[in-house]
Amino acid sequence: MSEEIKKIKITIDGKTTEVLPGTSILEAARQIGGREVPPAMCYYSKLESSGGRCRTCLVEVSKGSEADPRPMPKLVASCRTYVMDGMEVKNLSSERTREARKAVTEFLLINHPLDCPVCDQAGECSLQDLGYDHGAEQTRTEFERRTFDADDIGPNIKLNMNRCILCARCVLTASQITESREHGILFRGDRAEISTYLNKALDSDFVGNIIDVCPVGALTDRTARFLSRVWFTKPMNAHCACEKCSGRAVLWMKGDEIVRVTARKNQWNEVEDWICDTCRFEKKEAEKWTIEGPRHVDRHSVISLNHYENPEYEHRLLDNPDAKEISGRDEEDIKAKNTFPNV
Ligand code: SF4
Ligand code: SF4
Ligand code: FES
């Protein structure tokens, strides 16, 4: 008979939760939700050995555990530090944490270009969010930034190394979900850069997912680049019959035109289901998809500020019992939502 595993307690900024042993402080914070959750630019729960690289998730441990209540002398990376029973953590309530995060943000931006007005990631960029929440108002750097030319690293993927924060998510994704990894981080320290192996191009079946895991605009979809600012598109849940992946995706639409296809992401901006490159890059015709309805985006995008839900599609939902079942919303809910103006 299996023994029930005893949960342990952790308190973050005064809010307590219980987690299984082996849970990181970051995952415990996500369980609590809200402002207690530290930002994470390199950790990705779906990728083994992610985290520990960007230091944006630093927190102060003011009480180590019930058994040893001494505080931890240094700030710790919450994605790589595991909860002890009775642990007390300070996230935004700690001035040391806020100061450190500001410094980390400044370091991440030291070589970063002012590309937001032309960057495809703008509006759904974790670095923009980080800069807004924790950055300084002005830069102190006066020296020349290191610069690279944008590079086509495969038939469908563009690398803008200038924007890369070397989080290594794309490398782990290519290692862990594609058959062969053809790129990596070359050199070390301030010379480090993402590059493909000599004469190699990224074109394996699932490699397009590296675009979705990239927290910044360093990796972009060549089939969708510059076609639209993200806030002018409407994300729609859709699915198709696909032999390689679940076929569950988000279509970013402008009118009836599909501008781009991405995987569905959860509230932590992490992919729910990896999608294959055929769905992502080659199915740009609406008739290849069954549209389920508007996707609610609650953070990580300026479009969450708009009521983009489209009455026209909602009415199609009301007329289509199958779609209604998939969307999980009842008639009252759909009608209530339609009181918002369409944008
Ligand atoms: S990656 Fe983000 S912060 Fe950098 S230029 Fe693009 S939108 Fe701006
Ligand atoms: S290209 Fe993107 S995902 Fe890859 S290391 Fe750079 S920032 Fe991270
Ligand atoms: S998210 Fe923890 S170090 Fe990057």
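Two strands are taken to pair if DSSP finds at least two bridges between them. In the predicted model, strand 12, which spans residues 248-254, pairs with strand 13 in the antiparallel sense over 5 bridges, and within this pairing L251 of strand 12 stands opposite V261 in strand 13.

These two strands belong to an open sheet of 4 strands, whose order is 13-12-11-14 and whose pairing is antiparallel. Because strand 13 (257-262) and strand 14 (290-294) each have a single partner strand, they stand at the edges, and one side of each is left without a neighbour in the sheet. From one strand to the next, the twist averages 40°.

The protein chain as a whole contains 9 helices and 14 strands, and 37% of its 343 residues count as buried. When contacts between residues at least 6 apart in sequence are considered, 62% of them join residues at least 24 apart.

Ligand 2 is surrounded by 14 residues, of which C164, C167, C170, C214 and A218 are the closest; the shell around ligand 2 divides into 13 nonpolar residues and 1 charged residue, with no polar residue present.

How values were computed: Residues numbered from 1 in each chain as written. Chains lettered and ligands numbered in written order. Predicted model: local features only at pLDDT ≥ 70, side-chain atom pairs only at ≥ 80, totals over all residues. Buried ≥ 20, exposed ≤ 12 C-beta atoms within 10 Å, placed from the backbone. Contact = placed C-beta atoms within 7 Å. Near = placed C-beta within 6 Å. Nonpolar A, V, L, I, M, F, W, Y, C, P; charged D, E, K, R; others polar. Axes fitted to C-alpha atoms, helices over the stretch in contact; angles between N-to-C directions.
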